[in-house]
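User: Could you take me through one part of this model in detail? I'd like to look closely at a single sheet and the packing around it.

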Amino acid sequence: MNKLVVYEHPDFKGLSQEFTDDVHDLVALSFDNTISSLEVFGQPWILYEHQFYRGNVRVYEEGRYNFTKGFNDVISSMKLIQDNLSNPRIILYEHINYQGISRTFTQETNLTFGDMNDKASSHVVQGGVWVLYEHPNCEGHRIVAKKGECVPDYRSLNFNDRVSHIRPLKSGKPTIKKVTILWDEAKTESKQQTIDEIISENQTPHEQAFTAGQSISKEVTISQSLTFSQSSQITLGSTFKISSGVDMFGIQADMSLELKMELQLGFQVEKGKAESKTTTIKREFTLPAKVPPKTRLKIRVVQEQVTYDLPVEMEVWIGSEMKREMANLRCNDGSKITLNYSSDQL
């Protein structure tokens, strides 16, 4: 969720208020000229010196901020940026009405290193939201420019031939709001292996008592992992949970998976370690009280390892834009243990 938490004092102390939408007048909320620190979650916010979005501005992206000078105790209105911030692109023109030399930018740029420093007089924004600064290193007066906005004459903004630094705003971390397991496309693979044998031989002509214990206890592992596509937009530090009822071997069980992402964009990786748990499975069974004469009795302890490959569809929100991503949830369940009996005449 996009939100802004503001505090009365530095270091996030004192009275606080939380906002999720534009605020045109902090006077009405008894918080005017009071903010000394803030926290931004999700999309950036524009903070204004005066009511009704007027005066000097500051823009804050996701993070925590202390005001030590300049903008401390002066904020009177605030606006949430809900624009799509992907694919930023701005064209600066040397003269008014989009005339003269033009330069196109797609990333943050210090104009003092090029031929447009203190020369821009108009612009067209083709993507994203940009902040234009009077001085290098994001200093001095600034204006905010949005996609679709055309400003033919900086003189109306008292900003003509004054732009020395520009940068596009960045969205906060993606938010995963919905996760759906596509059960109809699930794949299952099963393998069996003998993990123990109990053998008793009666070589006498008389029945003999069976000497083995009456129960068996085996430790098995249930593991879960999630693999993402190369184009995943989920970033480092994202956390979410998958929870769904899974019918394993006719028993309704609740499977829950929480992964902490560790992602390097551009690679198909398992983000974070696979969450796993080890469960002790104890199976009680009744053995024959007697072994017939001249008979070998064999009991095989068989474990069935079942692998579930489950496609997962996720709704990933970046600001106001939603994209669907696919992942694969892999579950390895070795909790099913059965006993097979056989006997041979000696």
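Analyst: Happy to! The part to look at is an open sheet of four strands, in the order β2-β1-β3-β6, with antiparallel pairing. Please keep in mind that this is a predicted model. The edges of the sheet are held by β2 (13-19) and β6 (63-66); each has a single partner strand, so one side of each is left without a neighbour in the sheet. On average, and ignoring direction, neighbouring strands here are turned by 15 degrees against each other.

Let's start with β1, residues 3-9, which pairs with β2 in the antiparallel sense over five bridges. Within this pairing, L4 stands opposite F19 in β2.

Both of those residues turn up again in the packing: L4 and F19 are among the contacts of M78, once its neighbours within four places in sequence are left aside. That list also includes V6, I35, W45, L47 and Y53. M78 and L47 are the residues that touch the most other members of the largest nonpolar core, which has 17 residues. Two or more residues of this core come from each of β1, β3 (37-41), β4 (45-50) and β7 (77-80). Another core, of 16 residues, lies apart from it and has I90, L92, F105 and Y154 among its members.

Of its 346 residues, 39% count as buried. Among contacts between residues at least 6 apart in sequence, 74% join residues at least 24 apart. The chain exposes about 18,700 Å², with carbon and sulfur atoms supplying 45% of it.

How values were computed
Residues numbered from 1 in each chain as written. Predicted model: local features only at pLDDT ≥ 70, side-chain atom pairs only at ≥ 80, totals over all residues. Heavy atoms only, no water. Pairing = 2+ DSSP bridges. Axes fitted to C-alpha atoms, helices over the stretch in contact; angles between N-to-C directions. Core = buried A, V, L, I, M, F, W, Y, C linked by side-chain atoms within 4.5 Å. Buried < 20%, exposed > 50% of the residue type's maximum accessible area, 1.4 Å probe, protein only. Contact = heavy atoms within 4.5 Å. Areas by Shrake-Rupley, 256 points an atom, 1.4 Å probe, with all protein chains shown as cover.
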